[in-house]
Every structure is written in C-alpha cells, then in structure tokens.
Amino acid sequence: MPIKKLLVANRSEIAIRVFRAANELGVKTVAIWAEEDKYALHRFKADESYPIGRGPHLAKDLGPIESYLSIDEVIRVAKLSGADAIHPGYGLLSESPEFADACAANGIVFIGPAPDTMRQLGNKVAARNLAISVGVPVVPATGPLPDDMDAVKVMAAEIGYPVMLKASWGGGGRGMRAIRAEADLAREVVEGKREAKAAFGKDEVYLEKLVERARHVEVQILGDRHGGAVHLFERDCSIQRRNQKVVERAPAPYLDDARRAELCAHALRIAHATHYVCAGTVEFLMDADTGKFYFIEVNPRIQVEHTVTEQVTGIDIVKSQIHLIEGAAIGTAESGVPAQADIRLNGHALQCRITTEDPEQNFIPDYGRITAYRGATGFGIRLDGGTAYSGAVITRFYDPLLEKVTAWAPTPHEAIARMDRALREFRIRGVATNLTFLEAIIGHEKFRDASYTTRFIDTTPELFRQVKRQDRATKLLNYLADVSVNGHPEVKGRARPKADAARPVAPFVGGPIADGTKQRLEALGPKGFAQWMRGEKRVLMTDTTMRDAHQSLLATRMRTHDIVAVAGTYARALPDLLSLECWGGATFDVSMRFLTEDPWERLALIREAAPNILLQMLLRGANGVGYTNYPDNVVRHFVREAARGGVDLFRVFDSLNWVENLRVSMDAVAAEGKLVEAAICYTGDILDPARAKYDLNYYVGPGEGAGSGRRPHARRQGHGRPAQALRRPRPVQGAARGDGLAAAFPHPRHIRHFGRHRAGGGGDRRQRRRRGDGRIVGKYLAALSRLDRRGAFGQRTRSRSRPRRHPEDLVLLGGRAQPVRRLRERSEGAGLRSLSA
C-alpha cells in the first residue's frame, strides 16, 4: 500500500535528506523538533512540523536528546498528524526494535527491517553468532561481559591483549575502548558501560580481539519483502578519530575485483540468512598486513556515509527504502533497485563531514551563531546539510555535524582534487570548524596512495599543523560595523572637530618634477654622494614634518592621506631639499596599531609622489622600528625591504650607545647601497666644565668607533645647541630634547647634521659661519613645529641656508598643514604625546 504521509523521527541533516526524497515521490512530510531545536532548519523543510518533549500531557519536560528518544512522543505526533509511516534516519531510535514494535502496534509503517531482524542483528553478540553459522569469518570475541570483574579478566586473557571493548547495542563508536593491558581493563569496562547506557539505554558490552593495522570497510545491502537482496558494493571508512568516521570513500581504493567479490559475498550471505528487508550495512575489519576480512556487525539502518554509495551506483537509497517497504521487488522499475548483475560501479566518491569540532582545542565542539556561510558548489559536488546557513544557531545539545560534502569523479585522484577545491571554497564564520583539518587529511600522501589504516589520524601528528583560516572578511566587517556604530576607539570621549574647520586642500604647484637628490644618489653612488655633500657650500635642508613634526605635536596620529597629499608639492616646489624624513619607529608602530594603516603602503605612496627627493627614516639600531631587540637577520631583512620600498637615507641610533647594535643596522644599510647616519646619545650639558666624567671627550670615544670613518658614504647626526655644534677642538654636533639628548660627534672631515630643538634663530646664522665641511639642518613646516620649538621653514626665507625656492612655496605647504592640524587637534588637545623616536 503506497505511503501518503511520512514522519521522520530524527533531526537535522538526515531528516532533510528523507524529506527531499519523499517530496520527489509526492509523499507529504512531517517533522518533529525539541525546544532546543526550534530554529533548526529541518523543522521548516517539512510540510508539517510538531514540537515534542514539552506540554501539559507530560509529567515533566523532556531534555533535548530525551525528547527525540521518547517513543511515546513520536507515536503521539504521528497519530496527531495522520502520518502512515515513520522513517527513523540514523542514530536515536533507528536501531530500536521496541520502536519498530510500537509503530506496528499503532498501524504505522516502520521504514526499516523487521523488529526480529533488528534484535538478531542489533545485538552484536547475536550477530557474530549468525555470521559464524553462515561461514562468515569473525574476529575472536567474548560474549556479553558479566559484572564479575575477575571473570572479565579471564575472558580477556583468553582472547589476548590488545582487545577492543564494544557495546552490544548501537553503533557510531559509542562505548568503544581499546584496552592494551589488564591494568586498564576494569576502568575501561566501567566507562564503556556508562557510555553505552547513556547512548542506547543498555549497558551490555563485550570484548573483541583488536587488529592493530586494520582497515574499516563496509558493504551496503538492500532487501525486499520477497526474499531478494543485493549489495551496492563497499565503502572505505578507515579515516576515524575516536572510532568516529571522518572521511569515507566508495569504492575502497585498495581492493581488487577478487577481494571485492569475496567481501560482498560475505555481506549477502548474512542478508539472505536474516531475510533482510530495507537498507542496512554489513561492517568488516580488514587486516592490512594479511588482507583477511573479519565480520564486525550489521547496522540495520541507513548510514551517514550512504551518499558515496549513491554517487557511484546512481541508486537513491532513501527512495529505495520507501519502495521496498511498500512491497516493490528488487529488479523491478517500481523498486528503483536493479538486479545484482545490473548494479555497477561508476567512478569514485569521497565524503567529508564538516563539524564544529575545533582541532586546536582537542576537537571540543564549538557552538554559537554562524555569522557567514558560503557553501561549495560545482560539477561533482553534493551537499547534505542541516544547520549550515547564515544566522543558524549551533547549540551544545546535539551532534556537531554541520554539513556533509561529497565529491564524485571518474578517478580517485580527481575526486580528491575536487574535494580539496570544495573544502577551500567553504566559508563558515562564527563557529570553529574542522575544514583545514579535513584538507590536511585528504592532502596527505598516505591518503592519496590509500596506505592508511584506522590509526591514521592518531599516528599522523602533522595533520594538526594546518594553517588556521584568517577570516579577514569577517574581521574587516566587524571593525567597520564597530567604528560606524560606536566610533573609533581612539577618539572616544573627545570633542569633535569644529564644524567650520577648513578642509585641507593640497597646494598645487604646476610644472614638471625636476631632478633632485634621489637622482644624484643614483648617479654618484653612496660614496660619491657623501663627497658631494662634504664639498657643498650650502647648508642642506631636511624636512622632518612627515615624521618628527606630527609625531611631537599630534602623537603620530596624522593619517597617510594627509601626508601623501602634499608629497607631490614638495617634489615640484622644493626639489633642492636634501631629504624628506617620513618614516621611523613610532610612525611605523602607530600606523599599524592605532590608525590601522599599512606603513609600507604609506612609504610606497610617498615614494611615488616624490620621486626626486631622498626619503629618510629613523632606525632604532638592533630594534629596527619595534621596542624589542630583534635577531640580526630580522633587522637585515627589514632594512632590505625598507630600501626596496623607497628609503634612501637611514638615520641609525641606539639609546645605550652600544656600537654593536649600531653596526648591525649600518652594515645592512651599506649592503643595500644606501646612505646611513650614525648617532650617539647623551644626557645633560656636555659643555659643563664641572662634569667629572660625562663630558665631551667621554662621548667622542664611542662615536669614533661607529662613525663614518669606516664607511665613506656614512654621515653622523645629532641635535643640539649651536654652541655645542661649534665647540673646539673637536667639532661636535649635539642634541637637546628637553631632558633627553641625542648627539653625534663627527671627525672634522665628516658631515654634521644639525637639528635644533631650542628657540631662537641664531642657530642658522652660526651654522653659516662654518662652511665647506657639509652641514645639514632639519626643520618643520611652521604649523607643526610648536611643541618642541624646532626651527621652521619660512622663519628665514631670506637666508642663504634655505633651499633656492620662493617663499610662497613654503607658505603654500604651511597653509596645507594648518587645517590638517586643526582636524587632528583631538590628539594634540587630549595630551597624547608619542615618545620622540
């Protein structure tokens, strides 16, 4: 009699799988759901759905699993909805003969084997005895274990260690324990019984000989009500973790035709002996060393991995279950199952189970909301999912399976490649997944050559070294959403810029970009460039606005947009500048941490906009741009990348005057063919005659060791008072920054870099008194030069020491800087100050 309405006594993926098959057959469907599953997708995939486990008809509410295991609740809903058949799926009540009896007692068709068959095969001990009776080889095993532990020890010794503890009822690896010594026997038996009782309601267990190098292979069978039975060939299920299957394949790639025929014949003997009806799976262990097969058990239900068999045979197993229960005979068109001779293998299929088990947390299942989901599609890819969609809530109450992905291809290697592509195509955010773990499995050479066993995962630690997916898109979306709603955390609680604040407009200077110091360095090389500097009569100018000025005034919070916008104006208006100091430790650090910008991109953009002026950076010796001492190879690599990115002149210093720290960076700069400054730091007034030790001569010593005498292209730099710069007998360049001072002490033939941090304009005039030994002065744009009172461009526009450009060019640049400062004054006004780098 045809089935008209089908209830699925299950949840999630398998429930949806059955609903789809029934829908294609024109059968109405009914779903059940526990309170904890009220948002589960299977509830909405059926024509009708009903809650179970709660209500006035119950003495107390049932739990999330208990609801689905309640036979009375399932039968109640079946009668309430008018369902004339029930499909149990897998797990839960699917192997319960009591549930099949209850269906029959209420006139409801149970889509599965008869209750007596389930009792005969569901009990693993009884199934072993049946296999022995029909000549199917079995692994040596005991009967059900008694409560007397001494008797259990005798039984285990007769089989011989190692042994495997198994639950007599149920499957899925529940209650299974590998026991390798008698000392572990009692503990493992007690825990196995407890787990079996919780999973199947019965604590009966037995012991079986453990095959060390085993493969798990199973045969899919189908039987009709007329005594007919066929096999749909085998599946390999050896990739397991804690006896739970992870990856399945069909057919088993390590079997030849003869071994395949032998295996399938064993399975058919058991099917015929039990007059098996509907779908089932006969499971075997294969000894990888001897090739022998041993019967394990029969699962009298559909399996999670049935999809791979469907792909290689073209037979819809769920539809076949329905037709066979309705009375159709195998070999007829009505059954959807061809005769055995007409069932053939076509290609290879591979199934991976995507779960929320986190490999980095010992596979603890994760739970939460899936914030983003994108599945894999394309030729040869099949998806079977239940809770995998954007917005789905994954609870802690149920199996962590999200999705089954099945790949089909004509050859095993092509199926693996297709599966690899599909796994990499998945995007599941919000919960942890095992996606990269699955990629590692199918990409391993032992999986590709089919040389693995059931202990593959346990004995292959490299599977756990996979790279964690970065989830850049979700991080970016979360950041944008947070800033859009809550504002940037760096400006929280600060006043907004004034509404009438002028927007910065980049000054325009027309005309081509003239050659400058960049082209001179390329033409002369570092050594020739240094010689040119020593012979230059003018005071050479370094503009430090892009690093030191906004660092001191605005705590480096000036964005790349505001800096790069004026770089082109520098290139056209001030090509006579020696350099633009635009990079350094604090600039690099703040750009990433607080402005969330790429400092390398900033450097590249400045280089592109100002191709004719040397770009200069401050390098913290062996610390590079960080705040820790890096290995020498890291410093060298950073210098190499900075040089390639556009830095031409590296100003190197070490706060402790450790010459070796300076030399690491200086050698790296020399290797890249760039210019280097070496700086020595000091504290206090080195000109005070009363200082007993830390005077001028004290600091000259280490300076000579790190100075440019070793490198003709190197120059030495410092900041200080004009009097210190001119002091004889040793020409020296000092530095004064409040209480922290930095200086370099050049030999008379070396170049002096003067960066004045004191008020007054006399420094320029005093500098001009000495010519012919190469002098460099660093200055800011006026709008950003106020905190430490460094001399500003424009203060001495008539002096001969400035670049040979018109004063209006400097006014244009300053006009750009002033509104930028006003927009960023929250950083200045809040008292944010970065340490001078």
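Q: What makes β1 and β2 (residues 28-33) paired strands?
A: DSSP has to find at least two bridges between them, and β1 and β2 share four, running in the parallel sense. So the pair qualifies. Within it, Lys5 stands opposite Lys28 in β2. Strands here are DSSP runs of E, at least two residues long, and helices are runs of H or I, at least four, both numbered from the N terminus.

Q: What kind of model is this, and how are residues numbered?
A: It's a predicted model: local features need pLDDT of at least 70 and side-chain atom pairs count only at pLDDT 80 or more, while totals for chains, interfaces and linings use all residues. Numbering runs from 1 along each chain as its sequence is written, and side-chain values use heavy atoms, with hydrogens and water left out.

Q: Why are both faces of β1 called covered?
A: Buried means under 20% relative accessible area (exposed is over 50%, partly exposed in between; 1.4 Å probe, protein chains only). Lys5 and Leu7 on one side, and Leu6 and Val8 on the other, are all buried.

Q: Why does Glu13 count as buried?
A: Its relative accessibility is 4%, and the cut-off is under 20%, so Glu13 is buried. Glu13 is found in α1 (residues 12-24). Leaving aside neighbours within four places in sequence, Glu13 is in contact (heavy atoms within 4.5 Å) with residues including Tyr90, Asp384 and Lys404.

Q: What makes the link between the side chains of Glu13 and Tyr90 a polar contact?
A: The term needs N or O atoms within 3.5 Å, with one able to donate a hydrogen and the other to accept it; residues adjacent in sequence count only if both atoms are side-chain atoms. At 2.3 Å, the Glu13–Tyr90 pair is within that limit.

Q: Why does Asp384 count as buried?
A: Asp384 sits at 4% relative accessibility. It is found in strand β19 (residues 381-385), and its side chain makes a polar contact of 2.8 Å with that of Arg382. Asp384 and Ile16 are 368 residues apart in sequence, yet 8.2 Å apart in space, C-alpha to C-alpha.

Q: What makes helix α12 (residues 317-326) mostly covered?
A: Nine of its ten residues are buried, among them Ile317, Lys319 and His323. Asp316 caps the N-terminal end, with a side-chain oxygen 3.1 Å from the backbone nitrogen of Val318. After α12 comes Gly327, with a positive phi near 115 degrees.

Q: Which residues touch the most other members of the largest nonpolar core?
A: Phe284, Phe295 and Ile441, out of 95 residues. A core is a set of buried Ala, Val, Leu, Ile, Met, Phe, Trp, Tyr and Cys residues joined through side-chain atoms within 4.5 Å. A second, separate core of 44 residues includes Phe638 and Val777.

Q: Where does pLDDT stay under 50?
A: On a confidence scale from 0 to 100, residues 705-749 stay under 50, although the model has 177 contacts for them beyond four places in sequence. Residues 796-807 are also below 50, with 24 contacts beyond near neighbours in sequence. The protein chain averages 82.

How values were computed. pLDDT is the predictor's confidence in each residue, from 0 to 100.
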